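I opened my notebook to look up a few places in one protein. My notes follow in the order I took them.

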Amino acid sequence: MLPILLRAGVSLGCRASCRPIALLLTCLVLASPRGADAQNSTVTPSTGTILGTVLRQPAGAPIEGARVQIGALVARSDARGAFRIEQVPAGAAELMATHVGLAPRTLWISIIAGDTVRVYVRLAERAVQLEQIVVTAAEAGNSAQGSSVSRIARDAIEHVQASSLADILQLVPGQPALNPSLAGPRQSLLRQAPTTSSRDPGPGTDAERANALGTSVVLDGVPLSNNANLQSTVTILNSGPSALPPFASTADRGIDLRQIPADQVESVEVVRGVPSARHGDLTAGAIIVTSRIGAQRPELRLRANPLTLETSSVGGWGQRDGIAAALDVNVTRSQDDARSTLDRFTRVTTGVAVSLPADALLTGSLRVRAFGVVDETRQDPDDARSQRATLSRDRGMRTDLRLRAGRPLAGSAGAAWQAEITASLNVAEQLG
């Protein structure tokens, strides 16, 4: 009977002691990662995955670098055009694919939870289109000038990225559209297409010289000398009497428009034909330039392209309707050819202007401007025998004073008296 009693005792003891151990093991299994996965495996997924390929239409070639977006999820296609987007919420989703030079494409896809959707996106060719910019000059027929007038405002000047007054004149109807350039002297030509003058005598040079002389250039109400000097001529050794200097020069044939930076110009008014006599002696129209003056927010501009590096600063202080002062500085370095640094043009200009209130009994402005221009062709070390070096230096200072006084006459509605005085002192020198 003893063995039977022992087995019974062991069986009873095991049942009593194994119950808490079994509970402990169950808790450990549930707390372990495998247990957690076992519990979570019963949860229904709510997202899906998209596998796709971006192809070029109609050739079917893969497109690399295409941007594919679904809501806030973004992916890029690889060299095979493939992309993958995970964790996409189930339901209808809008897929958009874009690439530079190709038309965008939008697809609606139904996402199944826990499933993978395969899509193919085809993009068609499309030229890159920028927002349209229309720059026009306002045409005023039968104006107070007596001829047709084109007015070019400051916003139009900024659009063409002009470097000098010559570049601004390309906005005048009938003028050719050329890249802004500072290579060679620039003169005002309103009656024919050429806008640059050759340094060496050649076809069209005489016509350009004669055409520029008939146009009056008026800067801030003061005419600039654009007349030929008939009492003297430029004498060049071993050259004819009408030969041009071998260096950059407009001596005895008007002014060089490169001396007037575009960033210092507020507006330009071009009068074609023969305007009123108040603009001086002219036969081919007038170019009326108004420089920036008065209170304005200070600004610093930097313009760079393969040929030109230009920096300018303009600022004004005071009240727009009161006494105001303005200061501007322009520094420019340019070359004729991006492949060569032998031909180089350098310009430094600065100006100070003070203006009086426009609605006062006495109004006017005082402007002081100085400039320095160097146009040179350096000698090529590899061609010292046949190639010559040339140098042209222009420098000068200009002071303009304009005063105007006037008020309505007593007892006479609309009638007024006005007196105006304009004085200018211009000192310039060229060394070549």
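**Entry 1: an aspartate and its partner**

Which side chain does a polar contact join to that of aspartate 400? I looked it up and found serine 424, at 2.8 Å. A polar contact is a pair of N or O atoms within 3.5 Å; within protein, one must be able to donate a hydrogen and the other to accept it, and residues adjacent in sequence count only if both atoms are side-chain atoms.

I noted the ground rules next. This is a predicted model, where local features need pLDDT of at least 70, side-chain atom pairs count only at pLDDT 80 or more, and totals for chains, interfaces and linings use all residues. Residues are numbered from 1 along each chain as its sequence is written, and side-chain values use heavy atoms, with hydrogens and water left out.

Back to aspartate 400. I placed this residue in strand 19, which covers residues 390-408. Strands (E, at least two residues) and helices (H or I, at least four) are DSSP runs, numbered from the N terminus. Is aspartate 400 buried or exposed? Aspartate 400 counts as buried, because its relative accessible area is 6%. Buried means under 20% relative accessible area, exposed over 50%, and partly exposed in between (1.4 Å probe, protein chains only).

I then listed what aspartate 400 touches, leaving out residues up to four places away in sequence. Among them are Leu219, Val222, Arg367 and Ser424. Contact here means heavy atoms within 4.5 Å.

**Entry 2: a threonine**

I moved to threonine 53, in strand 1 (residues 47-57). Threonine 53 is buried too, with a relative accessible area of 9%. Its side chain makes a polar contact of 3.0 Å with the side chain of arginine 118. Residues up to four places away aside, threonine 53 touches Arg80, Phe83, Arg118 and Tyr120, among others.

Which bond is cis? I found a cis peptide bond between glutamine 57 and proline 58, with omega about 5°. Proline 58 sits in the loop between strand 1 and strand 2.

I also checked phi. Glutamine 87 has a positive phi near 55° although this residue is not a glycine. Glutamine 87 lies in strand 4 (residues 82-89) and is exposed, because its relative accessibility is 55%.

Aspartate 220 likewise has a positive phi near 55°, and is not a glycine. I found aspartate 220 in the loop between strand 10 (216-219) and strand 11 (222-224). Aspartate 220 is buried, at 6% relative accessible area.

I traced an open sheet of four strands in the order 3-2-5-6, paired antiparallel. Two strands pair if DSSP finds at least two bridges between them. Strand 3 (73-76) and strand 6 (102-111) are the edges, each pairing on one side only.

Strand 2 (residues 67-70) and strand 5 (residues 91-99) run antiparallel over three bridges. Which residue of strand 5 is the bridge partner of glutamine 69? I found methionine 96.

**Entry 3: the whole protein**

Last, I looked up the totals. The protein has five helices and 20 strands. Of its 432 residues, 36% are buried. Among contacts with a separation of 6 or more, 56% come from residues 24 or more positions apart.
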